[in-house]
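Colleague: I am new to this structure and would like to understand how its descriptions are reached. Could you take me through them with the model in view?

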Amino acid sequence: MSFVTVQNIFQTYGRRSIIERVNMEADEGEFVSIVGASGCGKSTFLRLLLAQERPTRGEIRIAGAEPAREPGLDRGIVFQRYSVFPHMTVRENIVAGESFRSPWGRFFGAARTEAQTRADETLTRIGLDHVADQYPATLSGGMQQRLAIGQALTAKPRVLLLDEPFGALDPGTRLSMHDFLQDLRAETGMTVFMVTHDLEEAFKLGDRVLVFDKPRWDPHDPNLYGATITYDFDARDGGIPFQTIKEDTHVLHPA
Ligand SMILES: Nc1ncnc2c1ncn2[C@@H]1O[C@H](COP(=O)(O)OP(=O)(O)OP(=O)(O)O)[C@@H](O)[C@H]1O
């Protein structure tokens with residue numbers, strides 16, 4: 001059985017259909033890139049995987065169960081803009097990431113000291129040990145984003161959700177973040193879903209590239225139909241020869 005199963009999900013806000021008939025499966029450890037036009041529901045899909053929202057219809061299963069609503073336990077998320085706590089030091093930010101696993105949401109006494117030691121190990125691994133006592137605002141964009149990823153990973157999520165995580169970075173920093181993410185992934189074997197607007201990045205990092213698009217369009221009511229997965233490219237071997245067109249018939253034969 002697949003690790004992640006998405007079965008026929010629809011998400012509608014009021015009368016607006018955002019995504020419809022989305023079906024996909026992913027194995028544990030797969031890296032799935034997601035691309036598509038602005039506003040077609042890619043972030044909505046990530047929020048559904050995160051269980052921040054329930055789908056209007058359909059079912060999502062992660063490791064055989066409905067995803068739990070609590071953040072940080074089995075899924076971590078990183079957004080385009082550095083989603084770290086500005087009032088905490090770099091080290092405290094990492095401790096906070098791990099404390100999601102604590103029943104009280106924070107650590108006390110010896111548990112706190114141990115968490116700080118583990119945080120220092122993480123900071124060494126992500127190359128931020130020399131700024132452990134600084135506040136995020138004093139770091140560069142790439143460093144803040146590394147901290148955000150480090151924070152998400154300390155909760156040891158089995159699934160990492162990335163919403164345009166490198167969109168705000170300059171090209172050089174972006175490339176070093178790619179290396180960083182590829183190393184972490186090789187180390188942890190985690191499953192990754194990454195939304196990006198950069199096709200090259202999608203194919204470089206992903207094992208697969210899903211394309212979200214609206215195959216049906218009503219000019220009198222643009223909100224009537226939502227987006228779905230129209231292509232599922234295998235990106236491991238150059239992609240194109242292995243593409244799966246999932247939605248080629250709908251435009252020709254509208255329902
Ligand atoms: N809670 C909500 N209530 C109503 N509409 C919403 C809600 N969340 C998202 N939308 C709408 O759903 C549509 C899809 O948004 P979403 O952010 O998922 O798109 P996206 O593909 O990630 O876009 P982008 O690439 O620009 O980030 C947008 O038009 C947005 O305004």
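Colleague: Where is glutamate 164 found?

Modeller: Glutamate 164 is found in the loop between strand 6 (159-163) and helix 5 (171-188), where helices (H or I, at least four residues) and strands (E, at least two) are DSSP runs, numbered from the N terminus. This is a predicted model, in which local features need pLDDT of at least 70 and side-chain atom pairs count only at pLDDT 80 or more, while totals for chains, interfaces and linings use all residues. Residues are numbered from 1 along each chain as its sequence is written.

Colleague: Why does glutamate 164 count as partly exposed?

Modeller: A residue is buried if 20 or more other C-beta atoms, placed from the backbone, lie within 10 Å of its own, exposed if 12 or fewer, and partly exposed in between. Glutamate 164 has 18 C-beta neighbours inside 10 Å, and therefore counts as partly exposed. Its phi is near 45°, a positive value in a residue other than glycine.

Colleague: What makes arginine 21 count as buried?

Modeller: Arginine 21 has 20 C-beta neighbours inside 10 Å, so it counts as buried. Arginine 21 lies in strand 2 (residues 16-26), and its phi is near 50°, again a positive value in a residue other than glycine. Most residues other than glycine have a negative phi.

Colleague: Which residues of helix 3 are buried, and why are they said to line one face?

Modeller: Ala115, Ala119, Thr122 and Leu123 are buried in helix 3. Seen down the axis of helix 3, these buried residues fall within an arc of 95° (taken from the directions from the helix axis to the C-beta atoms), so they line one face of the helix. The buried residues of helix 3 pack against helix 2 (90-99) and helix 4 (141-154), with contact meaning C-beta atoms within 7 Å, placed from the backbone. The face turned away from the buried side of helix 3 carries the exposed residues Ala110, Thr113, Thr117, Glu121 and Thr124.

Colleague: What follows helix 3?

Modeller: Helix 3 is followed by glycine 127, whose phi is positive, near 70°.

Technical notes: Contact = placed C-beta atoms within 7 Å.
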